[in-house]
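Here is a friendly briefing on charged pairs and a surface patch. Have the structure open as you read along.

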Amino acid sequence: MGKVLCFIYDGMTDFEMTFACHLIKMFGEKELLTIGYNKEKVLGTSGISYIPDLTVKETLFISDVEALIIPGGWNTDDREEIFSLIRKLHNEKKLLCAICAGPIYLAKAGILKGYLYTTTLDKEYLKNLGATYDPFPRETYVDEGIVRDRNIITAKGNSFVDFGVEVFDAMNLFADNDEKKQCAKHYKGE
């Protein structure tokens, strides 16, 4: 059974990742593991507490990882270990999925160059958050709700249903495109 990692941290916007995790766990029959810098409790913006299953450093030695999901939120606790994991998985052509502000981890890891992507973090937004630099390669930014380019999926925060559906689809877990469309319609209430 392949593993899907979900990076959790204090201040993450947890609703953005829970739908993707729900689909994977309930219908994808994958092992879903939360990862953090340590195994201490983290608090999402919802007020819900989470405890990581593994540390980011421990995941560097797992061989059957299929995907990494990174929720949005604003956290300035950048550590090389998350960037090392992202680069390792990217080199292995594993699925990298980030939503809202989450793509900043991909940008800081240096893997977005040459990839189409989206994010909620435009230059002005970053400035308002107190960021001192913009790590994004803006020439490949796409102003869309969700963007899938090869093994990278990025989305704006309000596209969390489409994000979950696209992650599930990228893992080849839908029987066909009609099933994908029906899933999206169901969860959007259309």
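A salt bridge here is a side-chain nitrogen of Lys or Arg within 4 Å of a carboxyl oxygen of Asp or Glu. With that in hand, Arg138 and Asp134 qualify, since their closest N and O atoms are 2.8 Å apart. Keep in mind that this is a predicted model. The structure holds 16 salt bridges, and a few of them are picked out below.

**Salt bridges between partly exposed residues**
- Arg138, in its bridge to Asp134, is partly exposed at 22% relative accessible area.
- Lys88 pairs with Glu92, and 3.1 Å separates their closest N and O atoms.
- Lys88 has a relative accessible area of 22% and Glu92 has 37%, which makes each of them partly exposed.

**A bridge between two loops**
- Asp143 and Lys156 meet through their side chains in a salt bridge of 2.3 Å, N to O.
- Asp143 sits in the loop between helix H5 (123-129) and strand S8 (146-149), and Lys156 in the loop between strand S9 (152-155) and helix H6 (160-170), so the pair ties together parts 13 residues apart in sequence.
- Asp143 counts as exposed at 58% relative accessibility, whereas Lys156 counts as buried at 18%.

**A salt-bridge network**
- Salt bridges link Arg148, Glu166, Asp169 and Lys180 in a network.

- Met26 belongs to helix H1 (residues 15-27) and counts as exposed, at 52% relative accessibility.

Technical notes
Residues are numbered from 1 along each chain as its sequence is written. This is a predicted model: local features need pLDDT of at least 70, side-chain atom pairs count only at pLDDT 80 or more; totals for chains, interfaces and linings use all residues. Side-chain values use heavy atoms; hydrogens and water are left out. Helices (H or I, at least four residues) and strands (E, at least two) are DSSP runs, numbered from the N terminus. Buried means under 20% relative accessible area, exposed over 50%, partly exposed in between (1.4 Å probe, protein chains only).
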